[in-house]
Amino acid sequence: MKKIVFKSALITFLILLIPLAVFVFFQKKPTISQEAVCQNCNIILISMTNLRFDHLSTNGYFRPTTPNLDKLAEESLNFSNAYSHASWTLPESISIYTGLYPYQHGVMNRYDGSKLSADAVTLLDVLKQNGYLTAAFTGGFDYHPEFGLTNRFNVYQECKRGQQAPSYPRQVGPVATEGPSQYGELSCTIPQALTWLKENSKQKFFLHVQGFDAHCPFSYQDQLLYDQNYQGSVDFSDCLWTFDKSKPVVKNGKSYYPVYSAKTGTEASILLGEEDITHLIALYDTSITITDQKIGLFLEEIKKMGLDKNTIIIFTSEHGDMFGKHGRFMRGGPLRGTFYDDVLHIPLFIRIPKVAARSISGLIEQIDLAPTISNLVGLPFPNSSGQSLLALIFQNQDLKQYVFAGAEFKPDPNNPYFSKKTKVEAIRSQNWKLIEETVYDKNTPSKTVELYDIVNDKEELNNLAETKKDVLQNLQKQLKDWSERMNQ
């Protein structure tokens with residue numbers, strides 16, 4: 001009798017347990033399946049250097065600057081919190097391909113012979129070893145093959161048509177002998193890339209198309225789309241920049257910022273008033289809009305060739321730019337730069353065939369791109385400080401509490417504008433941002449510390465370092481620990 005009762009109770013228990021087990025099974029987070037990974041897909045990376053996150057209309061900008069990129073964003077995974085690690089292209093481009101911070105790969109100066117170690121593994125090496133044909137069409141300059149990155153492509157071409165690059169006499173470095181005379185643009189590199197695509201579309205490929213269209217000096221001044229009634233007299237045919245925080249000069253009750261240019265040399269004799277800064281931004285936005293048109297035509301050609309069905313398309317920027325915040329222009333010193341979100345916050349779209357588009361707000365870094373691209377096509381990526389974003393994409397798992405930026409800059413001995421070694425570092429969470437900038441004047445460090453509540457102060461205007469000591473100390477410890485690990 002007891003056995004019958006026991007069996008009856010066991011059966012009843014199992015009947016109740018099975019629905020519960022089924023419920024728990026289906027409540028589990030979905031695993032990353034091979035169906036979600038674009039096995040053997042082609043990959044196209046498009047980068048518009050100097051493009052700020054907040055100047056794309058899809059990100060809420062007040063001008064309709066990017067209708068074609070807006071459309072791409074609507075078809076893509078749109079990462080709204082993606083950040084770079086440096087304020088200029090050379091260290092950042094190598095970070096993108098290696099998955100390493102600038103401190104780790106060591107290429108942080110242009111004219112001291114720095115180049116990527118031949119032993120360093122890049123995304124190109126991984127893809128080539130797995131049957132990918134690799135090609136790049138860039139604007140040159142910081143993508144010069146002598147820096148040890150672009151020489152690894154199967155096919156590499158530079159476009160020399162574009163804006164005139166600033167120059168001064170140089171003695172050392174891989175591009176010192178002739179130096180870049182121009183920043184090539186996507187209006188030139190896209191046609192080159194299309195010609196290559198039409199000849200190689202039957203092969204499995206990785207293609208990078210890059211241009212300095214949003215880099216000063218802005219070359220579409222004769223096609224101005226915005227602020228067409230400007231009445232000022234400033235010459236915008238050259239880059240206008242500062243090398244530190246600058247204070248405005250007051251004339252007749254109006255404030256003007258003194259800036260440098262190659263034409264005026266070491267004297268900051270050009271004064272920018274409010275209307276001049278407005279026009280400078282209009283020139284920048286015009287360059288973005290005209291380049292967006294070129295990118296739109298490129299994307300249409302990709303669809304006409306049927307490549308959109310088996311090609312991952314990635315759009316990003318290496319870094320942004322500055323237009324007067326804290327008295328800084330053109331990153332506030334183009335190489336050592338500054339780490340406000342104007343510079344570090346970059347756009348990132350990844351369009352994956354058969355993967356639904358959506359916005360993703362988790363913190364990510366540019367070093368995450370190489371392992372993510374590799375994993376999307378089913379390949380591992382070794383020795384990376386970056387993290388594959390597949391868990392964020394397919395399981396909604398936030399991967400990072402903080403993102404980091406950090407680089408050193410040693411000026412060329414012939415640099416007439418700035419001669420001091422500098423180090424700039426930053427740490428950012430979803431709520432707070434810490435920037436530490438050190439200038440070594442005769443080997444004596446001088447440090448500035450800036451702390452921002454980026455939830456309530458998105459423009460990073462109110463430095464809370466003196467009032468939020470607990471937040472400051474925590475972020476300083478996290479940043480110090482990271483910096484020491486990177487420099488071991």
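Of the 488 residues in the protein chain, 58% are buried, meaning under 20% relative accessible area, with exposed over 50% and partly exposed in between (1.4 Å probe, protein chains only). This is a predicted model, in which local features need pLDDT of at least 70, side-chain atom pairs count only at pLDDT 80 or more, and totals for chains, interfaces and linings use all residues. Residues are numbered from 1 along each chain as its sequence is written, and side-chain values use heavy atoms, leaving out hydrogens and water.

The chain's secondary structure amounts to 11 helices and 20 strands; these are DSSP runs numbered from the N terminus, helices being H or I with at least four residues and strands E with at least two. Among contacts (heavy atoms within 4.5 Å) between residues at least 6 apart in sequence, 69% join residues at least 24 apart.

Let's turn to helix α11.

| Side of α11 | Residues |
|---|---|
| Buried | Val471, Leu472, Leu475, Leu479, Trp482, Ser483, Met486 |
| Exposed, turned away from the buried side | Asp470, Gln473, Lys477, Lys480 |

The cover over the buried residues of α11 includes α4 (102-105), β17 (403-409), β18 (421-428), β19 (432-441) and β20 (444-453).
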